[in-house]
Amino acid sequence: MKKIILLLIIFLSLSSHIFADDSEEYEEVIMGGLYMEAEFLDGDILKVTVMAEEMLAPVLGIAFHLNYDENLAFLKYEPGEFLERGGDPFYLVQNNEESLKLIFGETLRRNDDFPLGEGLIVDFYFQILEESEFIFIFENGVVSTLNVVRQDLDKILWEDLTIGRDNEKEVIFSSKSTKNSVLNVQSDSDSSFIVPAFLIAMAFITGFVIVFFLRKQEKKRQDASVNYN
């Protein structure tokens with residue numbers, strides 16, 4: 001009987017641990033995302049738009065490095081309306097031609113209104129030097145909010161981009177989080193089927209062991225009764 005109780009305790013512990021991990025996984029929610037859209041304009045100009053999507057916390061500021069393709073030359077930028085809705089943000093935009101990197105940052109003031117949701121962050125304009133598939137990669141991305149003090153938001157999804165004239169855009173996810181419940185990004189595997197199957201197997205094995213020990217105990221009692229008679 002002690003062995004049976006021990007097995008039940010082990011099984012219940014494993015089950016509670018698995019369900020706890022599973023519930024924690026689905027409780028995690030992406031706090032928003034940044035993605036890019038591209039448009040080919042007249043005069044061999046490529047316009048790249050950076051957009052915010054489904055920001056769940058008020059946004060104080062946004063900063064990132066944008067690595068661009070060697071077949072492009074940076075021309076200019078135009079501010080978007082996302083943070084402009086909250087006030088008059090400060091901007092920092094620098095182009096490093098040697099490393100093919102744009103350094104972008106904008107922030108509101110403490111007393112401004114911090115926007116939520118979605119909106120246009122910035123437009124970048126590039127001169128096309130040679131036709132190619134053009135690659136844009138986010139680096140060091142930060143989205144901050146203000147809760148007494150400035151804080152960087154976790155679980156922000158950053159989407160890189162590859163685009164060419166003759167092909168549709170290819171989105172590459174470079175998220176700091178593997179969770180995807182907000183932006184509807186499909187996972188490579190669905191663990192929701194694995195957990196129930198494991199629990200069913202454990203329940204079957206545990207039930208089989210319990211029945212086995214019960215029959216063994218019953219046989220011992222019968223043998224003892226026969227020997228006594």
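Q: Two strands pair if DSSP finds at least two bridges between them. With that in mind, what is the bridge partner of Phe90 in E6?
A: Happy to start there: this is a predicted model, where local features need pLDDT of at least 70, side-chain atom pairs count only at pLDDT 80 or more, and totals for chains, interfaces and linings use all residues. Residues are numbered from 1 along each chain as its sequence is written, and side-chain values use heavy atoms, leaving out hydrogens and water. Strands (E, at least two residues) and helices (H or I, at least four) are DSSP runs numbered from the N terminus, and E5 (residues 90–96) pairs with E6 (residues 101–107) in the antiparallel sense over seven bridges. Across that pairing, Phe90 of E5 has as its partner in E6 Thr107.

Q: Which residue takes a positive phi in the hairpin of E5 and E6?
A: The hairpin has four residues between its strands. The phi in question is near 55 degrees, and the residue that takes it is Leu100.

Q: Which residue's side chain meets that of Asp123 in a salt bridge?
A: A salt bridge here is a side-chain nitrogen of Lys or Arg within 4 Å of a carboxyl oxygen of Asp or Glu, and the rule gives a count of eight. For Asp123 the N to O distance is 4.0 Å, and the partner is Lys47. This pair links distant parts of the chain, 76 residues apart, with Asp123 in strand E7 (residues 117–128) and, in strand E2 (residues 45–55), Lys47.

Q: What is the length of the polar contact that joins the side chains of Thr49 and Asp123?
A: Thr49 lies in strand E2 and is buried, at 9% relative accessible area. Leaving aside neighbours within four places in sequence, its contacts (heavy atoms within 4.5 Å) include Tyr35, Leu120 and Asp123. A polar contact is a pair of N or O atoms within 3.5 Å; within protein, one must be able to donate a hydrogen and the other to accept it, and residues adjacent in sequence count only if both atoms are side-chain atoms. For Thr49 and Asp123 the value is 2.6 Å.

Q: Which residues do salt bridges that share partners join into one network?
A: Arg85 and Glu81 meet in a salt bridge of 3.0 Å, N to O. Elsewhere, salt bridges with shared partners form one network of Asp44, Glu131 and Arg165.

Methods. Buried means under 20% relative accessible area, exposed over 50%, partly exposed in between (1.4 Å probe, protein chains only).
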